[in-house]
Amino acid sequence: MAATCSLLASFLLCFALLSAVSFAADPFVSYDFRVSYLTASPLGVPQQVIAVNGQFPGPLLNATTNYNVVVNVFNHLDEPLLLTWPGIQMRRNSWQDGVLGTNCPIPPRWNFTYQFQVKDQIGSFFYSPSLNFQRASGGFGPIVINNRDIIPIPFPQPDGELIFIIGDWYTQDHKALRRALDSGKELGMPDGVLINGKGPYKYNSSVPDGIDYLTFHVEPGKTYRIRVHNVGISTSLNFRIQNHSLLLVETEGHYTSQANFTDFDVHVGQSYSFLVTMDQDATSDYYIVASARFVNETVWQRVTGVAILHYSNSKGPVSGPLPVPKTDVSSPWSAMSQPKTIRQNTSASGARPNPQGSFHYGQINITNTYILRSLPPTIINGALRATLNGISFVNPSTPVRLADRNKVKGAYKLDFPDRPFNRPLRLDRSMINATYKGFIQVVFQNNDTKIQSFHVDGYSFFVVGMDFGIWSEDKKGSYNNWDAISRSTIEVYPGGWTAVLISLDNVGVWNIRVENLDRWYLGEETYMRITNPEEDGKTEMDPPDNVLYCGALKNLQKEQHHSAATSILNGHLKLMLLMVLLASVFRFC
């Protein structure tokens with residue numbers, strides 16, 4: 001027994017040392033997210049919202065560059081659920097992306113543990129549901145990925161941080177809105193705008209009495225980092241703080257050349273960071289406003305979120321009219337000038353010590369061009385649908401890479417057209433067969449009547465061009481090939497185009513979609529399938545141990561035999577359990 005214990009002790013010591021090295025190199029942060037319904041009245045009307053851990057919006061997910069993130073999601077809804085993490089690149093690991101092309105839904109009363117690494121990333125992001133129009137009822141929350149201590153941020157350390165979750169809102173829940181779309185109706189004007197789940201301060205008589213609003217408390221003279229996320233359904237919002245300047249410093253994981261703005265348009269799905277110095281005289285509080293843009297100007301005030309900025313030495317409440325944006329949406333050219341000013345800070349380090357600007361994207365040959373054209377929703381096969389290149393996407397019943405690994409035939413097609421053709425509109429499971437290590441140009445051509453935001457999972461892209469009209473090859477002459485911002489969600493104005501460049505170095509299956517929730521729900525999306533023909537286990541991870549099965553593979557799924565869902569642990573978490581077991585045996589010896 002003594003010899004056995006001695007051998008075991010040696011093994012345990014070596015195991016602990018190896019594990020310590022592993023955990024020191026790649027620390028873990030772990031969260032439990034319990035997603036459930038909650039009754040709230042953000043606009044004065046009681047309604048069912050989706051909360052995370054009883055909070056609406058959900059709690060902050062806070063990590064640091066290269067940390068491993070474990071999120072154990074318990075689905076307490078009455079319908080399937082997936083959470084997605086827009087802008088988190090899921091390097092080599094599209095198994096954790098949280099959309100139907102890559103994951104089976106989490107059934108009601110089940111749980112699923114996401115595990116991914118925020119590899120070489122910093123910045124401001126958010127999480128949200130991706131199924132069944134659920135984001136219209138909530139389930140969203142902020143993500144912050146901090147720099148490692150050895151990598152400086154390109155501005156003085158702020159005195160504090162404030163997070164703003166803004167978005168348009170309807171007093172009907174996601175199920176009612178979903179039924180409206182299914183019946184062929186457009187959603188119409190939102191009922192309001194929420195700021196961190198709260199309604200507007202009563203700035204005039206149009207706001208009903210009794211609305212619960214937010215007050216942000218600040219100290220005079222201090223500078224705060226303001227992170228703003230538009231998690232709404234379909235409305236671009238103009239964000240501003242009365243009498244205060246917004247110094248833009250970061251968007252979706254990349255530092256920008258710093259520029260001051262009095263107000264800023266944040267489109268659906270986008271995230272920004274600003275520095276705001278509390279340099280006013282505090283004769284009164286100040287308005288914080290998020291108001292609808294590019295909507296009917298006669299009713300825009302109804303779609304306005306208002307919170308209060310309160311200095312600790314404020315002399316009284318705010319009053320008077322709201323501040324108005326400087327840019328005029330009746331002149332789209334004027335509005336487009338703002339995103340064109342966003343540039344990469346090429347002298348700043350990002351998640352790595354080498355400068356972000358050292359990637360000379362303008363000198364790389366483009367291997368393929370994809371022109372993705374959106375049109376107004378129309379009736380296809382008797383139902384209202386939205387399209388890209390004439391195809392309204394139908395989600396596969398079996399996630400794509402699971403179908404590949406298990407040799408499921410006919411789950412999808414790899415024939416998505418690289419440009420729009422004059423063909424009848426159709427429903428299909430058509431995807432882009434992208435080439436690993438290619439360098440592609442994607443042109444989003446918006447022939448819809450509304451401003452749209454487009455997002456690419458798994459990547460950041462360089463925003464090299466934006467204009468009105470129809471894109472053509474000669475437009476390349478106007479591209480920014482030096483310091484274009486790299487990000488994952490970009491606006492495309494109605495009647496206009498936006499061009500981006502993407503280096504396809506992340507193997508997996510990645511969603512390309514419009515972030516406007518009504519259009520996304522109606523099928524305006526597709527996927528890129530990127531495989532390495534020489535795959536040796538280094539460019540794509542295997543499916544996780546806790547992978548869920550559905551569709552043609554549903555017979556492989558084992559039941560979760562419990563009423564209260566428990567964690568499904570994998571990877572390093574299993575090693576932790578093994579360490580505990582070995583330690584117990586050693587103590588017994």
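The model is a predicted one. The protein chain carries six helices and 33 strands, and 57% of its 589 residues are buried.

**Overall make-up**
- Take the contacts in the protein chain with a separation of 6 or more: 79% of them come from residues 24 or more positions apart.

**His-455**
- The UniProt record puts a "binding site" annotation on His-455.
- You'll find His-455 in strand S27, which spans residues 452-456.
- His-455 counts as buried because its relative accessibility is 0%, and the cut-off for buried is under 20%.
- The side chain of His-455 makes a polar contact with the Asp-457 side chain at 2.7 Å.
- Setting aside neighbours within four places in sequence, His-455 is in contact with Pro-86, Gly-87, Ser-488, Thr-489, Asn-511, Ile-512, Arg-513 and Glu-515.

**The disulfide**
- The structure has one disulfide, and it joins Cys-104 to Cys-550 with an S to S distance of 2.1 Å.
- Cys-104 sits in the loop between strand S5 (83-84) and strand S6 (111-117), while Cys-550 is in the loop between strand S33 (525-531) and helix H6 (572-588), so the pair ties together parts that are 446 residues apart in sequence.
- The torsion about the S-S bond of Cys-104 and Cys-550 is about -85 degrees, so this disulfide is left-handed.
- Both Cys-104 and Cys-550 are buried.

Key
Residues numbered from 1 in each chain as written. Predicted model: local features only at pLDDT ≥ 70, side-chain atom pairs only at ≥ 80, totals over all residues. Heavy atoms only, no water. Helix = DSSP H or I, 4+ residues; strand = E, 2+ residues; numbered from the N terminus. Buried < 20%, exposed > 50% of the residue type's maximum accessible area, 1.4 Å probe, protein only. Contact = heavy atoms within 4.5 Å. UniProt positions renumbered as here; feature names shortened; annotations may be inferred. Polar contact = N/O pair within 3.5 Å; in protein donor to acceptor, adjacent residues only side chain to side chain. Disulfide = S-S within 2.5 Å.
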